[in-house]
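Colleague: Hi! Could you walk me through this model?
Modeller: Happy to, let's have a look together.

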Amino acid sequence: MSGYEEEVLGKVYDHVLMRRLLKYTRPYTKQIVVAILALLLVAGLQLIQPRLTQIGIDEYISTGNIGGLKWIIALYAIILLTNFFVHLGRQYLMEWIGQQIMFSLRRDIFGTLQHLPLSFYNRTPVGRLITRVTTDVQSLNELFTSGLVAIFSDIIILTGIIILMLSMNWKLALAAMVVLPLLFIVTFIFKRKVRDVFRMIRTRIARINSYMQENISGMAVVQIFNREQKNFEQFDKLNASHLDAFLKTIFYFAVFFPLVSFIGALSTAIIIWYGGGQIIANELTFGGLVAFLQYSTMFFRPISDLSEKFNILQAAMAASERVFSLLDEKPEQDSGSLILPPDYRCRGEITFENVWFAYQDENWILKDISLEINAGEKVAIVGATGAGKSTIINLIARFYTIQKGVITLDGRNIKDYELQSLRRQIGIVLQDVFLFAGTIADNISLGNPEISREKIVEAARYVNALDFIEKLPNGFDTEVKERGATLSVGQKQLLSFARALAFNPSILILDEATSSIDTESEILIQKAMEKLIENRTSIIIAHRLSTIQNADKIVVLHKGEIREIGSHSELLRLNGLYARLYELQFIGQEVRTG
Amino acid sequence: MSDDTRNISKIEQIKTIIPYLAKYKKKLFLGLFFVMMTNLVGAAMPLVIRNAVDHIEKHADMATLSWYSLGILAVALLEGIFLYAMRQTLIVVSRYVEYELRNDFFRHLQRMSLRFFHQHPTGDLMARATNDLNAVRSLVGPALMYFCNTSMLLLWTIGVMLYMSPGLTLWALLPLPITGFFVYKMIGRIHSIYRAVQEKYSDITTLTQENISGIRVVKSYIQEDFEKQRFALLNKDYIGQNLSMAKIRGLLWAGTGLFSGIGVLLVLWIGGLYVMEGQLTIGTLTAFFTLQTWLSWPMISLGWVLNMTEQGIVSMARLNEILQTPPEIADAPNVRRDITRVRGDIEFRNVSFAYDDNTPVLQDITFSLRAGETMAIVGHTGAGKSTLLNLIPRLLDIQEGEILIDGIPIRRLPLEVLRRHIGYVPQETFLFSDTIRENILFGAGNSSDGALEEVAKVARIYDDISEFDKGFETMLGERGINLSGGQKQRTAISRAIIRKPSILLLDDALSAVDTYTEEEILKRLRKEMAGTTSIIVSHRISTVKNADKIIVLENGQIRERGTHHSLLESNGIYAELHRKQLLEESLEEL
């Protein structure tokens, strides 16, 4: 899966999405009101500045009133300082609100991810989910901090300017605004053109990047098949078409910016011509004309960076669509109403009654499985790869729901238990030991503060992990790096035993590691395992048959069906599947050690 | 590192950009000219407005006003044209440079050996091709343009100001250096905080990735709530960092606003006094205000440009790390240009290979194959089988020993000729996001449709393809369909044999194909590829038993060699493997 999905670009503005997004602003209504007030104040303070210049010129400079000018200067200085602080405060407040919203969004996405069924993770690449938590939220952040605020403040400033101009001299104001329709037409056309080209650019850059990524991953194939030249030509074509699209945008921008500034100049010309006429006719003061000229420049500035805001809006809409569709994913079904107290320990009686299961449609992985496991029993499940052994774990912990049949725990259907209550009863040790970034101790307790250091050390000692942990540079506080790359497979296995023990479940399910382990640690692991399964129901998915010979029951799975059940000696006597598997195992070991 | 050496290496980096710019020097110089003109004309605008205002003060008539208005329009039109031309030259050049740089990067990667790709993960290379390339483009595009524009604007504005009133100019410019310095410093701070933000950001990414990859552990140990708390903590830290960044950013914008306001304030005050003293006309004062607003932009952009430049140079250095890595595997000067064909004799003499110095992957490998012979390699994962195959098309070069092809040392064969005669089916089938036709014809240029169908039949993929609506035109990959593992392998086999290679390398190429089909394919291959030297890596005894020679690799060394029968007789690793597989097969049949 390449990380360069071609973005499907949606609308610039989507009412439904926007409404959902705005819901996140609700807890901060007060802050938003303050921010808006500050925004209005900043806008007002900015708008008042040309007005001060006007008064300074008209009332004092042209009349030679130095005292008055000093008064205006002082006022101006106060306004500048106030503006500085209000601006600072408003900007920070806006960012603060934006960050709080991002916090909630990220929290919600991550929270949702904790409760989705495993089937969801099977069909969704990890990279894509990470993008939701990181990049997508980031582009929404831009919407809140730059996009919306900027658009809002621009609208306020524009309206403010219009009102001020109208109130100062409505005739001149109207004359100056004659150019507005022209401006709107130009902007509208530009917006449409640029939107199309930007969409094109995004698609093309995505193509370039995924082509490049593909070529890097398959470089050996490219080189052996002497395809360098041809693939380069193809790349060049993609690259050139991207260039073309960009040249087009450059053209549009090169036309748009000068046009806007020309329209601005047109407005200036009208002000000079018409305003000058008004001065001649004594309908306008001199300072009034100067202020008008300043306002008209202020008016055109926000319009020129419209396209940038437009991009932010578009990206944010696309991101929010993806984020919300993730938030809308249905969580894992928790039908159970039977809630067990946290320290409850079940007896550990498990039955399968005619259980059928398929991950997809009717591709049955398990067919008509019936099995009884008594409390405290040690049961081993064996079978070739793909026989359905690991699926059984997934079903007991209800990671997946079975299609037909019933699974019970202590005589009650596992569907009746609340999911967390059920899982608290079961300790699972997976074959690929998953280690998180954190210390050794964290990896045993999974960072759960309820598990004390004594308990962690005790668990480690019990499963024979203490020896190697104490030899690590910082003992239990040694950081696990790169998913435990520095630890051996056996050491990781022991850690996962300690983890299971620290949580002290009534039922233990153990999926043996398939990867080869040296003999020394194999003995250690064997001993630890025996201790681990004492006093609890245990189910072992066995890959090495040597470890399960003293199991109470051995279940032989083959192609999703139970073919044989019995003790080691019984099954050997039967001389069926188990006997062959056993022989196969024996050969395998000989190959390894021979 | 001292400042001196850093400056030198910065200059070195900039030097590597110059050839790219030199290619477009005409456009660049034109661009500079347009920048000059834009600013020259732009600076005329306040002058016109000043004169207009001054005239109005002296009670001009409507005719004069009309002339001034037209003058403003004419100046604006001229300015617009130059502005257009400036963007169409300077910015366009930056896109051309980006294009060339990207092509060069891609072409350079094509010359790199497998070892290089071992050392540089795809993600790292892609980051350079995207983020760094972009930063360099910003350097040659916007940074260059704004730099020229800003300096011109500054020059002209100051010139016009000086012409109108030297005294007032000093006051108007007073905040300028302070602002530039302030912006530069602030952006520097932003960058250092930005790094901290990025670190937290990658922490969030890591936590999420771990959480999702380990979701089964999280769920089985009911750690969902705890994970949420862990995430919330990081999330809080992250927004904390973002907010300290927001503080600086706010200070930056509010600060520049304050400084440019102070400029206006000074002009109003001092200029006002000048007017009262009769040293200055009101029109000039008005023009100063206009010029002042113009100056606020260069003040901001100067700091910004400096920063973009710094980042661009750092990124160029990162690109150069790749672009200046010499290709490890290429034709030597003494290459035998006269050789255009490969017959298919292969000989390894005491070959050893290691990816890095301490861990040998292959040790002392010796064997020889005559053209047309078939050799099979068996052994455990990690025994060095794929590495051995990779040595033959020189995807990797050996450190010790010698490989001879047709009796000639492999390094003296032209790389292109060597590879043209090899058909290779790698272990991880790699197909491109293209049509099936293009994928099969990948290394065979313009083969006929007949040949295409023929190889598809030999690899027994023809029937599968016929079932697709678009047949050979079916798209694969991201924008198309996903083939099954077996279908992919069979497509890859077609791709290898359509070249009619002298040497065929199959690296576990039939592992996802059922034994029956495999047998069929091998039978057809033996017939069609009679003169071809084949090396087959496989775990399945059924695949290798008919080979002329079989070697058993373990830990990079040849442990057993012989034919199927002789190896069974010697009752070693191979014989064990054979027994195990027979059992497995019998299990399958139950």
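Colleague: Which helix gives the most to the nonpolar patch?
Modeller: Helix α2 (residues 29-61) of chain A does, with four residues. Helices here are DSSP runs of H or I with at least four residues, numbered from the N terminus. By the way, this is a predicted model, where local features need pLDDT of at least 70, side-chain atom pairs count only at 80 or more, and totals for chains, interfaces and linings use all residues. Residues are numbered from 1 along each chain, chains are lettered from A in the order written, and side-chain values use heavy atoms, without hydrogens or water.

Colleague: And which residues form that patch on the surface?
Modeller: V33(A), I36(A), L37(A), L40(A) and F152(A), with about 420 Å² of accessible area together. Patch residues have over 30% relative accessible area and no salt bridge, and nonpolar side chains (Val, Leu, Ile, Met, Phe, Trp, Tyr) are joined within 5 Å. Areas come from the Shrake-Rupley method with a 1.4 Å probe, and only the protein chains shown count as cover.

Colleague: Where is F152(A)?
Modeller: F152(A) sits in helix α5 (residues 126-168) of chain A.

Colleague: New topic: how many salt bridges are there over all chains?
Modeller: The count is 46, taking a side-chain nitrogen of Lys or Arg within 4 Å of a carboxyl oxygen of Asp or Glu. One of them joins K228(B) and D225(B), at 3.6 Å from N to O.

Colleague: Why are K228(B) and D225(B) separated by about one helical turn?
Modeller: Because they are three residues apart in helix α9 (residues 224-276) of chain B.

Colleague: At what angle do α3 of chain A and α7 of chain B pack?
Modeller: Helix α3 (residues 66-114) of chain A and helix α7 (residues 175-213) of chain B pack at about 15 degrees, with axes 10 Å apart. Therefore α3(A) and α7(B) are roughly parallel, a label for angles under 35 degrees.

Terms used. Patches are made of residues with over 30% relative accessible area and no salt bridge: like charges are joined within 9 Å, nonpolar side chains (Val, Leu, Ile, Met, Phe, Trp, Tyr) within 5 Å. Helices (H or I, at least four residues) and strands (E, at least two) are DSSP runs, numbered from the N terminus. Axes are lines fitted to C-alpha atoms, for helices over the stretch in contact, and angles run from 0 to 180 degrees between N-to-C directions. Angles under 35 degrees count as roughly parallel, over 145 as roughly antiparallel, 65 to 115 as roughly perpendicular and the rest as oblique.
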